[in-house]
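The sequence and structure come first, followed by the notes.

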Amino acid sequence: MSAFVYMLSEKPRGVIYTGVTADLTGRIWEHKNEVHEGFTSRYKAKNLVWFETHPNIVLAIQREKSLKRYLREWKIALIEGLNPTWLDLYERVDEIENVYKPNKNTRMWNDYN
């Protein structure tokens with residue numbers, strides 16, 4: 001079963017929220033419709049600006065924790081590498097393939113192959 005790490009923002013180079021889920025379209029729908037109160041509803045971060053696919057939720061959670069430690073500039077570089085104009089990718093999730101591939105020297109390389 002696949003899992004996803006994703007980033008939301010309210011505008012280009014605005015607030016960045018990083019999350020993880022097994023159901024990307026369902027979870028983004030919840031953010032857009034403010035089903036739960038929290039960071040994204042408070043800061044209006046409802047646009048899916050970046051996401052990547054992982055083979056399972058455990059690996060996705062590991063990646064999310066890593067990304068949360070990234071400098072803001074690194075997160076912006078990741079987003080702009082996939083989505084240079086910071087468009088809302090919600091409607092195009094099924095058209096985009098952004099599978100995470102770790103460096104060959106990482107311990108979890110075999111989990112991805």
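## The Y70 and W74 pair

Y70 has a relative accessible area of 24% and is therefore partly exposed (buried is under 20% relative accessible area, exposed over 50%, partly exposed in between, with a 1.4 Å probe and protein chains only). W74, at 49% relative accessibility, also counts as partly exposed.

The model is predicted: local features need pLDDT of at least 70, side-chain atom pairs count only at pLDDT 80 or more, and totals for chains, interfaces and linings use all residues. Residues are numbered from 1 along each chain as its sequence is written, and side-chain values use heavy atoms, with hydrogens and water left out.

## Aromatic pairs

Four aromatic pairs are present (rings of Phe, Tyr and Trp, the last by its six-membered ring, with centres within 6.5 Å; planes under 30 degrees apart are stacked, over 60 edge-to-face, the rest tilted). The ring centres of Y6 and Y17 are 6.2 Å apart with planes at 50°, so this pair is tilted. Because Y6 lies in strand β1 (residues 3-9) and Y17 in strand β2 (residues 17-21), the pair ties together parts eleven residues apart in sequence (strands are DSSP runs of E, at least two residues, and helices runs of H or I, at least four, numbered from the N terminus).

Y6 is buried, at 1% relative accessibility. For Y70 and W74, the ring centres are 5.5 Å apart and the planes at 85°, so the pair is edge-to-face. One aromatic cluster is formed by Y6, Y17, F39 and Y43.

## K75

K75 belongs to helix α4 (residues 72-82). Not counting residues up to four places away in sequence, K75 touches M7, I16, T18, L67, K68 and Y70 (contact is heavy atoms within 4.5 Å).

K75 is buried yet has no salt bridge, and E64, the nearest side chain of opposite charge, is 9.7 Å away. A salt bridge is a side-chain nitrogen of Lys or Arg within 4 Å of a carboxyl oxygen of Asp or Glu; Lys and Arg count as positive, Asp and Glu as negative, with His and the chain ends not counted.
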